[in-house]
Amino acid sequence: MKQYSLLLAAFLSVIGMQAQDARSFSLNLYGGYNFSDKLEYDGYSATIEDGFQYGAGFEYFFSTNNSFEVKYLRTDVKIPVYGPLGTQLNSSDDKGAFNFILADFTHYFDTGTNLLPYLGAGAGVGIVETPQSGSGTYFAWDIKGGVKIKTASIVSVNINAYLQSMSAAVGDSYYWTYWYGPVAVEDYVSTFQFGLGAVLSFNFKK
């Protein structure tokens, strides 16, 4: 018990009231938990089950409270697919993976303390891997919010919530118009996964 108390005291002793310096950068290590999402299209459905997400990012602070980040995230999940009769079509192997490569903008709100609330958003590509269908690349985006806890050391901790999405074209729907007759409109299916996570940041000055 004494050892844990000493570790806690050591952690608290390094907490400072620093803000990020302009022209500094951070190496961010991500860990999070994504909640399930269900997709439906033309009688078929698929479930993206809960999964643990991990990854890394490189964040550059071009001003004290604003940053640009490029990050890679991955989640290994099960993705069961069901036909119109409710029968699972990939019961032999429903394992898959979601990969995100995103460029994010983040704004940190200066509170005058070591706690920095923030909001951010980004866009990029999502790569879905499935054993039966190979891999596909799609448009992806995310939004996030959380609190960064700065310390007097190079290490800071970030607790956040986020929403991630991918969109894929899946076919055409046809509509009758008065002037042009039947017109094809491309259909899209989008995933929306909410998650909770933490980030360990190693901060460096340029």
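Two strands pair if DSSP finds at least two bridges between them; strands are DSSP runs of E with at least two residues, numbered from the N terminus. By that rule, three strands form an open sheet in the order 2-3-6, with antiparallel pairing. The edge strands, each pairing on one side only, are strand 2 (37-41) and strand 6 (81-82).

This is a predicted model, in which local features need pLDDT of at least 70 and side-chain atom pairs count only at pLDDT 80 or more, while totals for chains, interfaces and linings use all residues. Residues are numbered from 1 along each chain as its sequence is written, and side-chain values use heavy atoms, with hydrogens and water left out.

**Strands 2 and 3**

- Strand 2 and strand 3 (residues 44-48) run antiparallel and are joined by five bridges.
- Lys38 has Thr47 in strand 3 as its bridge partner, and Leu39 has Ala46.
- The two strands form a hairpin with two residues between them, and Asp42 in the turn has a positive phi of about 55°.

**Strand 1**

- Strand 1 (residues 24-34) pairs with strand 4 in the antiparallel sense over eleven bridges.
- Leu27 stands opposite Phe58 in strand 4.
- The covered face of strand 1 holds Ser24, Ser26, Asn28, Tyr30, Gly32 and Asn34, whereas the uncovered face holds Phe25, Leu27, Leu29, Gly31 and Tyr33.

**Asp142**

- Asp142 lies in strand 9 (residues 134-149).
- Asp142 counts as buried because its relative accessibility is 2%, where buried means under 20% relative accessible area, exposed over 50% and partly exposed in between (1.4 Å probe, protein chains only).
- Its side chain makes a polar contact of 2.9 Å with the side chain of Lys71; a polar contact is a pair of N or O atoms within 3.5 Å, and within protein one must be able to donate a hydrogen and the other to accept it, with residues adjacent in sequence counting only if both atoms are side-chain atoms.
- Apart from neighbours within four places in sequence, Asp142 is in contact (heavy atoms within 4.5 Å) with Lys71, Leu102, Asp104, Ala121, Gly122, Leu163 and Gln164.

**Nonpolar surface patch**

- Tyr33, Phe35, Phe52, Tyr54, Phe194 and Leu196 form a nonpolar patch on the surface, with about 580 Å² of accessible area together (Shrake-Rupley method, 1.4 Å probe).
- Strand 4 (51-63) and strand 11 (181-205) are the elements that give two or more residues to this patch.
- Patch residues have over 30% relative accessible area and no salt bridge, with nonpolar side chains joined within 5 Å and like charges within 9 Å; a salt bridge is a side-chain nitrogen of Lys or Arg within 4 Å of a carboxyl oxygen of Asp or Glu.
- Leu196, in strand 11, is partly exposed, with a relative accessible area of 43%.

Terms used
Helices (H or I, at least four residues) and strands (E, at least two) are DSSP runs, numbered from the N terminus.
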